[in-house]
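Reader: I am new to this structure and would like to understand the words used for it. Could you walk me through them?

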Amino acid sequence: MKKLPVGIQSFSNLREEGYLYVDKTADIHRIITDGRIYFLSRPRRFGKSLLISTMTELFRGNKDLFEGLYIYDKWDWTQPYPVIRIDWTAVSHSSKEEMEKSVSAFLKDIAGDYGIVLSDRLASDQFGKLIKEMYKTTGQKVVVLIDEYDVPILDAIGQPEMDGIRKFLQGFYRELKAHDDYLKFIFLTGISKFSKVSIFSALNSVDDITMDEAYASLCGYTQTELEHYFAEHLDDMARHCNLTVENLLDGIRRWYDGYSWDGKTFVYNPFSTLLFFKKREFSNYWFATGTPTFLIELFKKRNDLSVLLQPVRADSSAFESWDPDLITEIPLLFQTGYLTVKERKIVDMEPEYTLEMPNREVALSMQNHLLFAYASYPLESASRLRRTVQQQILLNDAKGVEKSLRQMLARVPYQIDGKTEAYYHSIFLIWMSMLGFDIQGEISTNYGRIDAVWEQVGTVVVAELKYGAGKQVEALLNEAIAQIHDRKYYERYLDREVKLLGIAFNGEEAACRIDIVERD
């Protein structure tokens with residue numbers, strides 16, 4: 001079996017050392033021959049850096065690395081091009097001053113390889129001179145490949161350094177337009193498309209291929225690619241797990257598939273898929289990629305988790321460039337990979353998108369982040385508690401479920417002021433969703449709105465949450481259960497076993513009660 005390229009972002013290392021490579025050079029060939037200036041947005045750990053590395057080796061004419069790949073006999077290897085490759089994750093960007101120093105040193109290293117001396121004071125001026133001098137030195141137009149172009153902005157959101165960093169980037173990217181006559185090809189990757197960083201205003205002809213159907217599988221693995229390139233690994237894993245290949249594929253699909261940018265082509269997260277085969281177990285690998293702090297704080301501020309618990313409909317404006325000073329959760333969740341396109345259709349001659357979480361792994365990642373942010377619940381305990389409660393519900397162990405819920409509720413930091421019923425409702429929804437149930441909040445009925453409902457085979461749980469500062473929790477529990485009965489929230493579910501869950505908070509205590517609805 002070929003070695004798995006976990007964490008390898010260098011195309012030359014991958015090919016020279018015999019690692020598995022899913023051939024994306026047909027898409028790369030189409031991009032290069034069809035246009036000249038591109039932008040692609042994809043979440044982190046989705047293969048953008050490997051894509052940039054592949055393009056770098058291609059333009060430099062390193063033919064041997066591409067033997068056996070689609071593009072091998074379709075490229076003019078006699079004509080190499082000078083390449084400027086910038087990876088913003090590798091450049092210091094904590095402040096405008098730090099960026100000036102770091103970028104200047106980076107550009108001078110590239111210039112030295114071509115015998116070019118950069119003496120300008122500003123890094124932006126050095127960038128422009130480097131492009132022009134590389135063209136003069138080699139006689140060929142320059143290729144500029146920029147990876148994670150938005151990292152400095154994302155890392156500075158909400159920080160006082162934001163304005164300085166943004167001004168630096170505006171001046172830096174303007175050099176691309178000023179030296180357009182010396183440029184062969186420009187390709188940028190990132191997570192977000194910002195409206196005030198000047199890259200898109202400076203380069204009016206940028207082709208944003210993020211949502212293009214033609215490039216929907218440029219990053220990530222399709223089902224066909226998974227089954228073809230990982231065939232030996234699938235056979236080995238099926239034996240290891242004592243499963244059929246079909247059953248194994250079903251599990252991998254539920255955990256790591258489901259990402260789409262056109263609603264038609266769905267791909268697997270390459271980072272998580274590779275780690276699954278390497279670690280030889282289903283697990284939440286996405287969590288380690290990190291979640292922007294400001295995203296979690298946004299949810300805490302608004303106390304609205306509906307976008308995470310039910311499908312979201314959005315028009316094209318949700319995917320356009322946006323101002324980092326005016327953040328909204330839907331485009332942010334989409335660009336960071338927590339929401340993806342599940343369906344695209346035309347409504348009144350305009351596209352409408354249905355967005356949902358891609359898969360189980362991403363759902364668990366977000367729920368774990370929110371669980372810790374809302375209630376300081378230790379993440380190392382979450383998986384164990386999830387398994388415990390799932391087993392208790394399967395066994396109809398009502399007392400066990402109540403004990404586990406009390407254990408979770410006890411983690412709510414009551415000493416923090418400003419808690420409301422909406423706050424605790426959010427915590428509850430996070431917990432239940434984290435436990436693996438298909439939970440729905442705010443279900444409308446003829447008599448009112450149910451706080452939450454979730455189902456599993458043969459069982460429906462109808463929950464009502466009550467909060468009252470200074471009230472007795474027993475009184476609040478009675479009120480919660482009575483409301484479910486009085487408004488007959490359970491009626492539509494009587495074809496299955498129905499459990500009524502009351503939860504009470506009073507600012508000092510938390511309690512819960514479970515009743516079973518007797519069916520006639």
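**How the sheet is put together**

Author: Gladly! In this predicted model, strand 3 and strand 4 run parallel and are joined by 5 bridges. Within that pairing, Val144 stands opposite Ile186 in strand 4.

Reader: How do you know that strand 3 and strand 4 count as a pair?

Author: A pair needs at least two bridges. Strand 3 and strand 4 have 5 bridges, so by that cut-off they pair.

Reader: What makes strand 1 and strand 4 a pair?

Author: The cut-off is again at least two bridges. Strand 1 (residues 37-41) is linked to strand 4 over 5 bridges in the parallel sense, so the two strands pair. Here Tyr38 stands opposite Phe187 in strand 4.

Reader: And what joins strand 2 to strand 3?

Author: Strand 2 is joined to strand 3 (residues 142-147) by 5 bridges, and the two run parallel. The bridge partner of Ile84 in strand 3 is Val144.

Reader: What is the order of the strands in the open sheet?

Author: The 5 strands follow the order 2-3-4-1-5, with parallel pairing.

Reader: Why do strand 2 and strand 5 stand at the edges?

Author: Strand 2 (83-87) and strand 5 (207-208) each have a single partner strand, so one side of each is left without a neighbour in the sheet. Helix 5 (residues 123-138) packs on the sheet, touching strand 2, strand 3 and strand 4 (183-190).

Terms used: Residues numbered from 1 in each chain as written. Predicted model: local features only at pLDDT ≥ 70, side-chain atom pairs only at ≥ 80, totals over all residues. Heavy atoms only, no water. Helix = DSSP H or I, 4+ residues; strand = E, 2+ residues; numbered from the N terminus. Contact = heavy atoms within 4.5 Å. Axes fitted to C-alpha atoms, helices over the stretch in contact; angles between N-to-C directions.
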